Amino acid sequence: MTELFVAVLVRDLRLASRRRIDALLPLVFFIVALSLFPLGVGPEAQTLRQIAPGIVWVCALLASMLSVNQLFAGDLADGSLEQMLLAPQPAVALAAAKSVVHWLLTGLPLILVTPLVGVLFDLSAPALGALVFGLVLGTPVLSLLGALGAALTLGLRSGGMLLILIVLPLATPALIFGAGAVGTVEAGLSASGHFSLLGALLIATAIGAPWATAAALRISTE
Amino acid sequence: MTPPPAGRSAVLETVDLAGQRGERALFEHLALALEPGTVTWLRGRNGRGKTSLLRVLAGLATPMAGEVLVHGQPQRRADPSWRTDLVYIGHQNALKDDLNSSEALAFLMQLGSVKPEPAQIDAALERLGVLHCRRALVRTLSQGQRRRVALARLALSLDKPLWLLDEPFDALDVDGIHALNALLAEHAARGGATLLTSHQALSLAEPVPRIFDLDRHGHA
Amino acid sequence: MNTPTKPPTAPLRLYTFAAPSRFYALTGALLPWLWAITLLLTAAGLYMGFFVAPTDATQGDAYRIIFIHVPAAWMTMLLYMVLAFWACIGWAFNARLASMLARAIAPTGAMFAFLALWTGAFWGRPTWGAWWVWDARLTSTLILFFLYLGYIALVNAIDDVRRADQAGALLALVGSINVPIIYFSVKWWNTLHQGATISFKQAPTMAATMLIAMLIMTFAFWAYAFAVVFMRVRAVVLEREAHTAWVDELTKGTRTP
């Protein structure tokens, strides 16, 4: 199983390195979308500090969903997906590899940029720490769910919007726990409950989502 | 329609196979057997379901009814490892635009659980006459060159018993056809079985291709 | 002497009605009864709820909307699970009719979610002074509404019927597993934010008549759901089976439905 996983992972990272601008787009979207909120809500520091965790999470969610749309589309178009499904290993390895690739290219850059966001919204250090840690646990969940959505909506005309509609309700628990953790820390309490729940969510999704994504890939390519 | 008697060692066999497109049946009660050392030419008019049949045989699509047996084992129940014995090349080349020919070929071989040395990759590309393309990005190659790179897989898969090829001769010039014929002959000589479709008449002489006409065999 | 014997009638089995033609016939016979039951129960339930049940001490007569709101909320939850069940049966056993049933349930389930949300608003307005409050149950119902919309959008976006049925089944399965998780997380979210006092848990303690009225309304909605879903499934069956002999006979009038 690891052969397929590693082969797909290495190939996709190599492909991304040859299209560096495209790979950076989700990150750029994230920062631009975040910056719109102060323009819409007003520059008052107290308000911004309060809504920051929610905004960051929503923008992370949207950035993930917009970039996951293309996860399988290129491979479907040139016939590579068919070949990958013909590999003598279960398609779960393919689904897992694609989810990891998406996280490395979208989730991880978001996490690395978030301290900068903390400066924009004047978050305190503990709050920022809680935000980053929550994203570390939560962005993989978004990638896993996004891959499932991408597999289900593979090749459809209305793909992007439909994917967002399908995945967002499923992603709300991660959003609630992740953003809630920051609020709890700002109130002076421990957020360990939130992080435990996020961790449990991550484990459950990591076990269930690749299997469902593999099933969806078969359904979409039959 | 009585099927031709299958040798006990048929590489692939179908039992009462039926395939569909949407809600309609494309072919029914299909009995096909691929013997080692043979090349079978799957013929039929456009829209008859040749590609669909190939996909079902490869395990990419579920048949409407019936079974596909690989080395006597039902394909559906088998775990996916039987596919190490299979090479399927469809209409599309499955080459990524942003990889060069060597990388693209190496990836496709890795999918089939084969880790070829760079020298072997070069030899395969040479055999199809595209060695000079080995560092060229696939994006920059012509249709014919891409087809040759895709077919170079076969040169590295001569020991895989089952080849399913959909329109392999498409976009090939005379030299390309010659190279592919040589590969098909060598594969058959080693005991492999090939099923292919082609719109043009086959110029393969050794072995003489068997003909399987979907129009005639595909209905009760 | 061989006397011709009457062929024995086939025993009735559970999957006898899995055949579209027989299902069509059965539902056709049931429909008038279902509508009758719906009307009767709705009339009884609304009468009890709006006239017989006592006025609440704190909330006055405005609370009576719960006789629609709560049964609607129960129905939408239940229907989603039923939808997921039939969709998965259709997927696992390649049973076309089960998939058609799942598709027919979706719009009704979405309608009940919408109804629950609206009646929740009508309750909120006189009670809390706002048309919408982010109560845990209302928010969960909103997310459930989105899940319905996602399912409907997905199966309608896919042209190939088999792929659409299977993809919908997978989505419904994933959704139904997530529903408890979503509900739990929304409850968690609601209790730890400052608006925690906003909760419809503070509904008036149930007098017996109130409970009976809500149960009657639930059954009324149940009967309505059956009736509407059957009507929809019959239409889908006719559409999908348009190429078969029995539909042909039906439209020509040579076959009693």
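Two strands count as paired if DSSP finds at least two bridges between them, and helices (H or I, at least four residues) and strands (E, at least two) are DSSP runs numbered from the N terminus. The model is predicted, so that local features need pLDDT of at least 70 and side-chain atom pairs count only at pLDDT 80 or more, while totals for chains, interfaces and linings use all residues. Residues are numbered from 1 along each chain as its sequence is written, and chains are lettered from A and ligands numbered from 1 in the order in which they are written.

**Exercise 1.** Trace the antiparallel pairing that involves strand S5 (residues 65-70) of chain B.

*Solution.* Begin with strand S1 (residues 12-21) of chain B, which pairs with S5(B) in the antiparallel sense over five bridges; within this pairing, Val15(B) has Glu67(B) as its bridge partner. Next, S5(B) also pairs in the antiparallel sense with strand S6 (residues 73-74) of chain B, over two bridges, and here Val70(B) stands opposite Gln73(B). Finally, two residues lie between the strands of the S5(B)-S6(B) hairpin, where His71(B) takes a positive phi near 50 degrees.

**Exercise 2.** Check the length of helix H5 (residues 174-189) of chain B, then describe its surroundings.

*Solution.* The expected span is 1.5 Å times one less than the number of residues, so the 16 residues of H5(B) should span 22 Å, and the 23 Å between its end C-alpha atoms agrees with this. As for burial (20 or more other C-beta atoms within 10 Å of a residue's own, with C-beta atoms placed from the backbone), the buried residues of H5(B) include Gly176(B), Leu180(B), Leu183(B) and His187(B). An α-helix has 3.6 residues a turn, so residues three or four places apart point the same way. The buried residues of H5(B) pack against several elements of chain B, among them helix H3 (118-127) and helix H4 (143-155), where contact requires C-beta atoms within 7 Å. Just after H5(B), Gly191(B) takes a positive phi of about 95 degrees.

Conventions. A residue is buried if 20 or more other C-beta atoms lie within 10 Å of its own, exposed if 12 or fewer, and partly exposed in between; C-beta atoms are placed from the backbone. Two residues are in contact if their C-beta atoms, placed from the backbone, lie within 7 Å.
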